[in-house]
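Here is a short briefing on how two chains meet.

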Amino acid sequence: MKSFLTIIKFDYLQRTRSYAFLITLCASLAIAYTFVPEPNANYSTIRISDYVGFYNSAWFGYVTAIMTSVFLSLIGFYLVNSSIKTDVHTKVGEVVAATQVSNFKYLFSKVLSNFLVLLTIVGMVFLMSIVLFLLYNEGFPLQSLQFIKPYILITLPGLFVVSVLAVVFEVFFGKYSVVQNVGFFFVFMFLIASSAKTENEFAVDLFGSKIVLHHLEKTVGAITNTNETTFTNIGFVLGNFNKTNKFEFNGIDFPTSFIISRLLWVALSIGLLFMVSFVFHRFNIKERVSVKKVRNINTQANNIQDISLASLPKTQINYSISSLLQTEFLLLFRKGKKWLWFVSIAGVILLAVLPIQTAHQLVLPILWFLQVSRLSNLTTKEVSNNVHYFAFTSYKPISRLFVSQVFAGVTLMLILALPLIIRLTVLANFTAAISVLLGGLFIVMLAVTFGIITKGKKLFEVLFFMITYANCNLITFTDYFGAFKHKPYYVTQLFILIIVLGSVSFLKRKHELNR
Amino acid sequence: MTLDIKNVSKKYNKNKYGLKDFSIHIEKGILGLLGPNGAGKSTLLKMIATVNKPTNGVICLNKNNIVSDPNYMRKQLGFLPQDFGVYPNLNAYEFLEYMAAMKGVGGDNLKPRITQLLEGLNLIDSAKKPIGSYSGGMKQRVGIAQVLLNNPKIVIFDEPTVGLDPQERVRFRNLISDLANDCIVILSSHIVSDIDTIADKVAIMKNGELLSHGNQEDIIQNVTDKIFETTIAKEDLTTFKTEQTVVSTSRKNNQLVVRYIANFPVANAIKKEANLEDAYLYLTR
């Protein structure tokens, strides 16, 4: 037992003692700050028709617990879904495989470590919710139970299951990060979309939010004396200028069946992990190249021959970036599995044939999101593949290599969006066509900037995922490709944002090279 | 062709130096860099290769300060780091073409040169296979090939023989000797035998400082008349080690033959001819 706890402890320390985790924690706090809008804010997070609760302990506790449950389940998966991969990469896995630790014990330690990482974030958000309560206080007393109860019953079980799912996805799709990323996206969408109306159905709601929302709707329904279904918003809805009414919310007495269901979710996920442990590879994994190809290589064909340097053909100086560009394209093309290209091609066809609004608002962001691992790899692959000694000592690495990486990424995005750009141009909707061009440039610059700043892929992947999720929910604020009606200075804003990102990434990379 | 390193320091924090007030003048030929782990060899090589910048001091290649103008070095550099990676989805041809593009090398002769290098490094049969499927030794040979893509005037090899078998090491040494006719080669290694057979000059480092620099004979001079060999019982070795600097031991007739460094020999000791390894151990003890 002691050794098991030691594994968890050091795994947790290893993951939290990183710059990326610090950034994630800061980003989580920034997001948590918005969970309960300040009294004069022009957005809402949870709103039932025109009603929101008085800012008492229960409202703060339940709202932040629900928002944390939904949003951290969404992004948390992407934060923790590389724990086994790290062990593969660092070869620690091979050492673990040679010890007595059982598959289940190892996987369970990874789950608990994942959960602890998420719990750290939850802890910070929890503290933030109390601070916000004290800041926005409307004269209500601080009732600690109203904060603790929803977090324990709503947030934590859901996050535990997400921690398990992250490990399960890694076991099955460890080599294919795209399958993990996109696969979980669809699992999440399915789980969040399922509607629950009865007590039994609340039990299958992983995020535990439906029971609270149902209770809120019933309370508001009683106030307005209407049996009609009230319209509930959850998420960030901007532009709520209508005056809201207030009602008193004093928390929920959760039915026993709901409490048991939360425990069942945890138990079932552990059961799933136990079953998965039987098929865990235990680091006996093949190289990414097929066995057939490996077999053809005679690794024993050794011996350096006598090389006559004088007889080597003389090369010439060539500082053009065309060869670099060509290889950057090749690296983008070969990144990921072939089936992803088939899906992408299907997306390109849909851009050409679907009604233009659907193509622009829904197909384009999803098609671009499918390229997430390609984009996140653009400026991080030197370090992740340990090629940085060559890349950073190349001739003019910024004006040649960096530029070719950005150019390759933008070209890929624009080639994928080409049918839409042509259709918009034919329809003389030049603003939208330019917005798509700028959108491609924006998302590439975002990938490049976050990759350079964090020296990793995670933060961009999580952010891109959240943006795409918001795009799919038609939230105009996150529209970076001009799919909705915007104010006249939208294109200028987008352009300025690109310039800012470009400048930050350029300066940061230059700083890195100088150091 | 000269490389001047003047008063270079690399400071990591208030009390920790990677390199401390290091100065050396290097000319055409092979410089062997020896030192224990943490001596600062890799730090020095990375600064010469323009990967890192010194905290203080200047590094001049042909009187051009490469700290302020790294591209002057990069144009004529061949660098094989100790621990490097590859893009696993590219084959050897593609990877080397990419490396050539990064170095600013091209022209009609690039492909024939790559082919010839791959032939010379015995990689031609697997040149169209993804590098991800290569063995450690094969990857090391790809690394050697990329060094030779341009006509480097300064070549840096950091622990280059890792992954090479004994036969390959010999051929690799021949290659380095060939290279050194026309440029500066800096070769770092833990293995003294890799250095002593080919290095024109040797530099010995410890704790970020230069302990000794010169021809092998000059360095060996430090331990002339100080190397002895004696035979002792196995159980006496621990005590012997506390009193003398032991270079090596070998078994003979159930006893131990001990080679050691001392100003005055113990009884029955035989004086031996000193070599570079003795000098290295003497200086870094």
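Which residue in β7(B) is the bridge partner of A:Ile317? The partner is B:Val105. This is a predicted model, where local features need pLDDT of at least 70, side-chain atom pairs count only at pLDDT 80 or more, and totals for chains, interfaces and linings use all residues. Residues are numbered from 1 along each chain as its sequence is written, chains are lettered from A in the order in which they are written, and side-chain values use heavy atoms, without hydrogens and water.

**Strand pairing across the chains**
- β5(A) and β7(B) (residues 105–106) run antiparallel, joined by two bridges.
- Strands pair if DSSP finds at least two bridges between them; strands are DSSP runs of E, at least two residues, and helices are runs of H or I, at least four, numbered from the N terminus.

**Interface size**
- 52 residues of chain A contact 68 residues of chain B (heavy atoms within 4.5 Å).
- The two chains bury about 5,300 Å², 60% of it on carbon and sulfur atoms (accessible area, 1.4 Å probe, lost on being put together, summed over both).
- A:Ile304, A:Tyr389 and A:Phe390 lose the most area in chain A, together 15% of what that side buries.

**Salt bridge**
- The rule finds one salt bridge across the interface (side-chain nitrogen of Lys or Arg within 4 Å of a carboxyl oxygen of Asp or Glu).
- A:Arg334 forms a salt bridge with B:Glu94, with the closest N and O atoms 2.6 Å apart.

**Within chain B**
- β12(B) (residues 227–232) runs antiparallel to β14(B) (residues 255–261) over six bridges.
- There, B:Phe228 has B:Tyr260 as its bridge partner.
- β12(B) also pairs with β15(B) (residues 270–271), antiparallel, over two bridges.
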